[in-house]
Amino acid sequence: MLLIELPNEHLMTFNQYKDAKTLFAAIQTRFGGNEATKKTQKTLLKQIYENFSASSTESLDSIFNRLQKIVSQLAILGENISQEYLNLKFLRSLPSE
C-alpha cells in the first residue's frame, strides 16, 4: 500500500524494502525532513494561512478545500487551529460579493 502512494520516480528507490516498517521508516527519513525544515515549513504555512483569501470566481467548496488543506498540513506539523478560529478565517476570506 505504501509503494502505491509513492510517485513513480521514487519507486525504484524504495522497492528494496521488504516489510512495511522499514519502508515507512525510509520514507519518513527521505521526505520527513529535519527539525529546521519542519520549522520553516510551519512558518511558511502559517503565513499562507494568515494571508489566505478567496476570489469571487471560486466556489465555496473550492475555497473550503484549499483552507482545509492548509490547516491539515499545519496539524501534521503540530500547529492546531481551533474550529472557531477556522470558521472565522473562512468567513473573512470570502469575497464581498
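**Figure 1. Packing of helices α5 and α6 in the predicted model.** In this predicted model, helices α5 and α6 pack at an angle of about 135°, with their axes 11 Å apart, where axes are lines fitted to C-alpha atoms, for helices over the stretch in contact, and angles run from 0 to 180 degrees between N-to-C directions. The two helices are therefore oblique to each other, given that angles under 35 degrees count as roughly parallel, over 145 as roughly antiparallel, 65 to 115 as roughly perpendicular and the rest as oblique. The crossing of α5 past α6 is right-handed; a crossing takes that name if the near helix is turned clockwise from the far one by less than a right angle, and is left-handed if anticlockwise. On the α5 side, L60, I63, F64, L67, Q68 and V71 meet L86, K89, F90 and S93 of α6, contact meaning heavy atoms within 4.5 Å. By class, this contact comprises seven nonpolar, two polar and one charged residues, with Ala, Val, Leu, Ile, Met, Phe, Trp, Tyr, Cys and Pro counted as nonpolar, Asp, Glu, Lys and Arg as charged, and the others, Gly among them, as polar.

Residues are numbered from 1 along each chain as its sequence is written. Local features need pLDDT of at least 70 and side-chain atom pairs count only at pLDDT 80 or more, while totals for chains, interfaces and linings use all residues, and side-chain values use heavy atoms, with hydrogens and water left out.

Figure 2. When its neighbours within four places in sequence are left aside, S93 is in contact with F52, S53, A54 and I63.

**Figure 3. Packing of helices α4 and α5.** The axes of α4 (residues 35-50) and α5 (residues 60-76) come within 10 Å and cross at roughly 150°. That angle makes α4 roughly antiparallel to α5, and the crossing of this pair is left-handed. Residues K42, L45, K46, I48 and Y49 of α4 meet L67, I70, V71, Q73 and L74 of α5. The contact of α4 with α5 contains seven nonpolar, one polar and two charged residues.

Figure 4. Y49, placed in helix α4, is buried, with a relative accessible area of 2%. Not counting residues up to four places away in sequence, Y49 touches L67, I70, V71, L74, I81, Y85, L86 and K89. Although Y49 and L67 are 18 residues apart along the chain, their C-alpha atoms are separated by 7.5 Å.

**Figure 5. Context of the close-up views in the protein chain.** The protein chain has six helices and zero strands, and its C-alpha trace spans about 55 × 30 × 20 Å along its principal axes. Buried residues make up 20% of the 97 residues, and, among contacts between residues at least 6 apart in sequence, 49% join residues at least 24 apart.

Key. Helices (H or I, at least four residues) and strands (E, at least two) are DSSP runs, numbered from the N terminus. Buried means under 20% relative accessible area, exposed over 50%, partly exposed in between (1.4 Å probe, protein chains only).
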